Each structure stands twice: as C-alpha cells, then as structure tokens.
Amino acid sequence: MAENSCWGLGSGNVQASGAQQEYWFSLRLRVDSAAQLWQAAALRCLSQADLSQDEVEDLIGPAGDPSIADCLMVLALPERLPGCTRLDTALQPAQLLQDNGQADCEATEALGRG
C-alpha cells in the first residue's frame, strides 16, 4: 500500500503519493485453450467495441488461426485506467524473453531487488 495515501470516499478528496510516477506491471500467463481465448476476445470486440465479424478477424485473426498476442491484449488490457496514461505495452512469448536472458532480470527489477 502506498505511503501517505488518503482515500476519502465520502469527502471527494482522493490523494496518493504515487501521482505522476511511472510503474511497470507484469502479468505472466499460460494459454491452455487458444479457441476459448479467441471466443472471449471476439465476444469482447463484438459487444464492447461494436466491431463487425470481419473487423474482429482483422484484429485478432480468424477462429481457426487466432493471433494469441492480439487476443491477450484485447482481454488483458482495459481501454483506459482512470487517472492513468498508458505509456507502453509489450507482449512477447516467454520463450523469447528466456532466450534473450531478459525474463529473470525483468522479474528481479519489478520486485525491487535489481
């Protein structure tokens, strides 16, 4: 929990010491079913973004050959986080990070041990 936090839900004043700071957020997943992932991403695109079926397939690939990275981005990233500006988004298969020796370094830095 951030130090010097003040959450006055009833008073309208919300302050936190983390204002104007940048943060790095990491999420590691294993995709067990590409078909289920595609279905969930397609449903989100159809219902929330009001895209046509062709537009959905352009965005996340067809059901028979989904773009796993694009499906994950559609589902894992909110359109916007209130009070925040998204500075960067990156998604790579874990094997690529391990091959480059970056996974351990990034995980250590994220935990503040670097």
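Tutor: Residues are numbered from 1 along each chain as its sequence is written. In this predicted model, local features need pLDDT of at least 70 and side-chain atom pairs count only at pLDDT 80 or more, while totals for chains, interfaces and linings use all residues, and side-chain values use heavy atoms, without hydrogens or water.

Student: Are α1 and α3 parallel, perpendicular or oblique to each other?

Tutor: Helix α1 covers residues 34-48 and α3 residues 68-76 (helices are DSSP runs of H or I, at least four residues, numbered from the N terminus). Their axes lie 9 Å apart at an angle of about 50°. Angles under 35 degrees count as roughly parallel, over 145 as roughly antiparallel, 65 to 115 as roughly perpendicular and the rest as oblique. The pair is therefore oblique.

Student: Which residues of α3 make the contact with α1?

Tutor: Contact means heavy atoms within 4.5 Å. From α1 come Ala34, Leu37, Trp38, Ala40, Ala41, Arg44 and Cys45. Their partners on α3 are Ile68, Cys71, Leu72, Val74 and Leu75.

Student: Which element gives the most to the lining of the second largest pocket?

Tutor: Arg44, Cys45 and Gln48 are among the lining residues, as are Met73 and Val74. The elements giving two or more residues to this lining are α1 and α3. With three residues, the top contributor is α1.

Conventions. Axes fitted to C-alpha atoms, helices over the stretch in contact; angles between N-to-C directions. 1 Å grid on protein atoms, 1.4 Å probe; cavity = no way out; pocket = protein on both sides within 12 Å on 5 of 7 lines; lining within 4 Å.
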